[in-house]
Amino acid sequence: MVVYNENHETPFSKKGHVIYEKANFFIDSRYEIQRILGKGSYGTVCSAIDKKVKDSTRPSEIAIKKVSNIFTKEVLLKRAVRELRLMRHFKGHKNIVSLIDIDIVYIKPFDGLYCFQELIEYDLARVIQSSVQFSEFHIKSFLYQLLCGLKYIHSAEVIHRDLKPGNVLCTMQGILKICDFGLARGICPSYLRKSTSIITNYVATRWYRAPELILSKRSYSKPVDMWAIGCIFAELYGRRPLFIGNDQLNQITEIIKVLGTPPEEAISKYGSRMAWEFFSPPKPQYQAIPWCDIYAHISNEAADLLEHLICWDISRRYSVEKALDHSFLKSIRDTNNEPSCKQPFDFSFENTETTLPDLKVILQKEVESFRVERSGNKIHS
Amino acid sequence: MLTQITVLEGENQSAPQNCGTQENKKNSALGTIGAKARPSSGHSRKASLNNFWIPRETNVVKVTKPEKLGIRKLAKAYTRSLVSGWSTEIAPQGSLPKCKSLEDAVVNEFLSGREVKSLRIDDSKIEASKAFPKLPNIDQRMLAEEQNSIGSRNINLSNRDKKPLEDNKNIVNISQTLETLFPGNFAKKAIQVDPGREMILTGFPKNVNVNSILGFIAGGVIERIVPEIVKEGKDIVVNNLYLCFTKAKDAEDFFNFSKTGLFVVCGENIKVRWTGSCKYRYCNEIPKINELSSSFIESEVNIGACRCLIIKKLTNRCQKSKQRSAYYRNYGISRPYCDDFDIKEVEKDFSQYGEIVEITPAISRKLCVSIHYYDIRSAILAKKEKETTTSKLHAKYSDWAIWYGKDPADKPCIAL
């Protein structure tokens, strides 16, 4: 067993760190917390100013996300390690939020992983709900950027699993950045343990959850992200979420109301009795509503693309490459600006390192190597 | 169609020599050559002066009394150093200080004249130069520049900052007088030299275009970006990217930032080096741009001009009542949406003032887009044209407001 040395930190043993009580933050004194941006089950996000950047006219604003409770629950620690690794793996894509710095604190109640990220004005949820004026160009550009970011993620054999407008940041000039890789995971078969390949189905925020996650016990893959992209795409037209379900089953009902009852072959592909029971008579049978009846402004091309993103049948659902290839995006597409990741994401640590102390060691190592890399030195591993 | 520009790798290498005397003079005058590593011919008098200074600063501190150093003193000290025999590798016998040409003679005159004050050796500068390792030969120094970024320069840039887009006044004056004395290339070269604002970025991964790269650049307002693109089969690769900031200080900030591990594009560390000379490069020359007076450009930059223009439609024509879908109530909320907006039209209209990097949808209550040019002059020209009441652009976009946005690069570099 690896014994982890905690160094017996006290709040004052970490040099130059200060406490921000409102959010239980314990951070380097170079950062001055401005305000709390959000709180969730994962932790807290604050905005801060980096006082080390001496520029009176343009203060360097950043966002600090503290992932808490990671040292008590294995699953949360595993996710934190995963998230950190993924953020490092995806460094430097314009549609993925970039990590500036990282810190790790063991002292309670400040304990957790502190991720320092670029601060971006809005998130897509706020933009959609506000009275910002859209045009087809806005929607096209947003969808295109989302797909570019997702292409990069999928090319590393990673699924995000929690795409939703709230997890897409948006600058004033309309540049989108995907963030929050807390639920993302690698699916590259070469890193999967041979016997067990079960991954949890309880992912994604309900309204953006693909039907196979609810109905099927089988393993899922990249199409779950494409479903979520479709939901966001539709939301850009409707300016409100498309399927607002109150619970898992109600979510399916909401989907049926729009897509209609799925054909039998699609049901059989889910491979679960639950699916049969849910769709077959005497349950009410629904007819699909054409997209142009739902959204007034939608063009035929957009409706066609939407139809191939939000569909029951996983094999019919477009992959990210196919979606990028769709005629709807032709006018703004730049095929020379759709990079892929060089190598798949290596998540083999998940097979070997499973205990809390093991994972702590990994996290500490990750933080250290990130800091070396950040200073511009090459790591010789 | 992407214009293919031949990559003149040789040109880049030799640029520091070709760029004329001004830069060399300036550097030697400021005594920061220790921080430079330049390919040197060893033939020119200027280069030999440079080389001569490196060992002196790093090793011999004795001669650093604050005194006026004329060219003769330099020469004397130089011959002395040759006798002691340790700098022969850098400056072979052939490059003994002799005035080989008229040009050199002028340089000497110049050095012993007005700029001689700045030749005084400052203790702090020596301290700074000590930080750089002593390197025995040029090749190793070049290598070191790649690895340790010794190429960062410590030029005092305070004068330039005040007047972006303009060369040092003093030097322009001098080159004018030189031109009257010796008409020819020499003086013109001197005007073009502006070593502190332009750099060249190399080492981009495949399928990464200019707008992807631009998102990661910080420091300040960019004056222009010029990509050199090559085709590799189906793929298009940005080979080099010339990047020029409006302010030398910003350029330096970014240069230092680029050496940290924070400047990464799609997992690749991008190499950045100074171009040395600042030859005016432009993708597609728009004749109208040259008609803009430099004083006008300068004044526009001072009031916040940048490559990014924002246009916003003032009238809000929203077809709320007319267009409603059958299931409108269930699946839609009324929010402003513009049906009759053609981005291609905007692109066409605005690209006549210069090539556009990209157009992005701006977040605003009214229809609003942001146009990013390659060159700040294009934005200045387009805005000027839009504001000229007789222009076609003004007539077509009469119900649109136009202003300079914020250059995405206009943010401070992240500190380590």
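Two strands are taken to pair if DSSP finds at least two bridges between them, and it is in this sense that bridge partners are named below. The model shown here is predicted. As background, strands of a sheet pair through backbone hydrogen bonds, either parallel or antiparallel.

**Chain A as a whole**

The secondary structure of chain A amounts to 13 helices and 13 strands. Its radius of gyration is 22 Å, close to the 21 Å that the globule rule gives for 381 residues, so chain A is as compact as a globular protein of that length. Taken along the principal axes, the box that the C-alpha atoms of chain A fill is roughly 65 × 55 × 40 Å.

**Backbone features in the loops of chain A**

Most residues other than glycine have a negative phi, and most peptide bonds are trans. Against that background, Asn24(A), which is not a glycine, has a positive phi of about 55°, and Asn24(A) is found in the loop between β1 (17–20) and β2 (25–28) of chain A. The peptide bond from Lys108(A) to Pro109(A) is cis, with omega near 0°, and Pro109(A) lies in the loop between β6 (99–105) and β7 (112–118) of chain A. Another cis peptide bond joins Pro281(A) and Pro282(A), with omega about 15°; here Pro282(A) sits in the loop between α8 (273–279) and α9 (291–294) of chain A.

**Salt bridges**

Over all chains, the count comes to 32 salt bridges, while between chain B and chain A the count is 2. The table gives one example within chain A and one between the chains.

| Side chains | N to O distance |
|---|---|
| Glu32(A) and Lys51(A) | 3.7 Å |
| Arg58(A) and Asp410(B) | 2.5 Å |

The salt bridge of Glu32(A) and Lys51(A) links distant parts of the chain, since Glu32(A) is in strand β3 (residues 31–39) of chain A and Lys51(A) is in the loop between β4 (43–50) and β5 (60–67) of chain A, 19 residues apart.

**Where chain A meets chain B**

How many residues does each chain bring to the contact? Chain B contributes 66 residues and chain A contributes 64 residues. The area buried between the two chains is about 5,200 Å², and carbon and sulfur atoms give 54% of it. Of the area that chain B buries against chain A, 18% is supplied by Tyr331(B), Tyr337(B) and Ile363(B), more than by any other three residues.

Across this interface there are 32 residue pairs in polar contact, with both residues at pLDDT 80 or more. On the side of chain B that touches chain A, the residues divide into 32 nonpolar, 19 polar and 15 charged.

The two chains are also linked by strand pairing: strand β9 (residues 134–135) of chain A and strand β8 (residues 337–338) of chain B pair in the parallel sense over 2 bridges. Within this pairing, Ser135(A) stands opposite Cys338(B) in β8(B).

Methods: Residues are numbered from 1 along each chain as its sequence is written. Chains are lettered from A and ligands numbered from 1 in the order in which they are written. This is a predicted model: local features need pLDDT of at least 70, side-chain atom pairs count only at pLDDT 80 or more; totals for chains, interfaces and linings use all residues. Side-chain values use heavy atoms; hydrogens and water are left out. Contact means heavy atoms within 4.5 Å. Buried area is the accessible area (1.4 Å probe) that two parts lose on being put together, summed over both. A salt bridge is a side-chain nitrogen of Lys or Arg within 4 Å of a carboxyl oxygen of Asp or Glu. A polar contact is a pair of N or O atoms within 3.5 Å; within protein, one must be able to donate a hydrogen and the other to accept it, and residues adjacent in sequence count only if both atoms are side-chain atoms. Ala, Val, Leu, Ile, Met, Phe, Trp, Tyr, Cys and Pro count as nonpolar, Asp, Glu, Lys and Arg as charged, and the others, Gly among them, as polar. Helices (H or I, at least four residues) and strands (E, at least two) are DSSP runs, numbered from the N terminus. The radius of gyration is taken over C-alpha atoms; the globule rule is 2.2 Å times the number of residues to the power 0.38.
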